[in-house]
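Biologist: Thanks for sitting down with me. Could you take me through this model and tell me what stands behind each label?

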Amino acid sequence: MADSVEFWFDPSCPWAWMTSRWVDEVAEHRDLDVTWNVMSLAVLNEDKDVSDDYKAFFPRALKYTRLVAAAKELHGAQIVKPLYDALGTRIHPGASIDPDEVIPAALAEVGLPADLAAYADSTEYDPQMRASHFEGINRVGQDVGTPVIAVGGVAFFGPVISPAPKGAQALALWDGVVAAAAYDGFFEIKRTRTRGPIFD
């Protein structure tokens, strides 16, 4: 029987991107049933005192979360992961900060209509986007970020990794995460990051 996994991501978050690549690696060797859900760093921080530089990033990030939410509502849940992959490849390893380049190319790659891009600037599906966001956040608490992963119904923030492990290392980390999730009294493990995202 496949392991049930839920994954919440903001397409703009490099750490969520790294973790998603790890989950993809694990899924090549383990039977995982992964549900991909959007969350929003802009929504997460809307009532927080953050730097002006970080605040300036939110409008761009919202474009991607709104686009994914609209695509899910209009074209089904199965499009979420391909669209995330297409967006994330351009945003992260591709290092593009221009949504007007990223969005049309990503839509074309996954075979979605070009006019779907208009939803990146629309609030029409914000209720669904926010509901998805809070479904993840409410399961782990407010003092976290993206990604949020649930394994077998137990949710946690992270893991935050760089680079994404491959092969046996990826599976060993997965087994450790599953073991931690299986213990009802496990809440937190953390150390200060000493490197940035390493895309390969």
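Modeller: Gladly, and let me start with charges: Lys and Arg count as positive and Asp and Glu as negative, while His and the chain ends are not counted. The place of a charge is NZ of Lys, CZ of Arg, CG of Asp or CD of Glu. With that, the mean positions of the 17 positive and 29 negative charges of the protein chain are 5 Å apart. The model is predicted, so local features need pLDDT of at least 70 and side-chain atom pairs count only at pLDDT 80 or more, whereas totals for chains, interfaces and linings use all residues. Residues are numbered from 1 along each chain as its sequence is written, and side-chain values use heavy atoms, with hydrogens and water left out.

Biologist: How many helices and strands are there in the protein chain?

Modeller: There are seven helices and four strands. They are DSSP runs numbered from the N terminus: helices are H or I with at least four residues, strands are E with at least two. In sequence order the pattern is β-α-β-α-α-α-α-α-β-β-α.

Biologist: Why does the radius of gyration of the protein chain agree with a compact globule?

Modeller: The radius is taken over C-alpha atoms, and the globule rule is 2.2 Å times the number of residues to the power 0.38. For 200 residues a compact globule would be near 16 Å, and the protein chain has 16 Å, so the two agree. Along its principal axes the C-alpha trace spans about 45 × 40 × 30 Å.

Biologist: What makes the pair of tryptophan 17 and tyrosine 84 edge-to-face?

Modeller: Rings of Phe, Tyr and Trp (its six-membered ring) pair if their centres lie within 6.5 Å; planes under 30 degrees apart count as stacked, over 60 as edge-to-face and the rest as tilted. A search of the whole structure finds nine aromatic pairs. In the pair of tryptophan 17 and tyrosine 84, the centres are 5.5 Å apart and the planes at 90°, hence edge-to-face. Tryptophan 17 sits in helix H1 (residues 14-27) and tyrosine 84 in helix H4 (residues 80-91), 67 residues apart.

Biologist: And why is the pair of tryptophan 22 and tryptophan 174 called tilted?

Modeller: Their planes stand at 55° with the centres 5.4 Å apart, so the pair is tilted. This one links helix H1 with helix H7 (residues 167-182), across 152 residues. Both tryptophan 22 and tryptophan 174 are buried, meaning under 20% relative accessible area, with exposed over 50% and partly exposed in between (1.4 Å probe, protein chains only).

Biologist: Which residues do ring pairs link into a cluster?

Modeller: Phe7, Phe9, Trp17, Trp36 and Tyr84. Of these, tryptophan 17 and tyrosine 84 are buried.

Biologist: Why does aspartate 175 count as partly exposed?

Modeller: Its relative accessibility is 38%, so aspartate 175 falls in the partly exposed class. Aspartate 175 lies in helix H7.

Biologist: What makes alanine 95 exposed?

Modeller: Alanine 95 has a relative accessible area of 56%, so it is exposed. Alanine 95 belongs to the loop between H4 and helix H5 (99-110), and its phi is near 60°, a positive value in a residue other than glycine.
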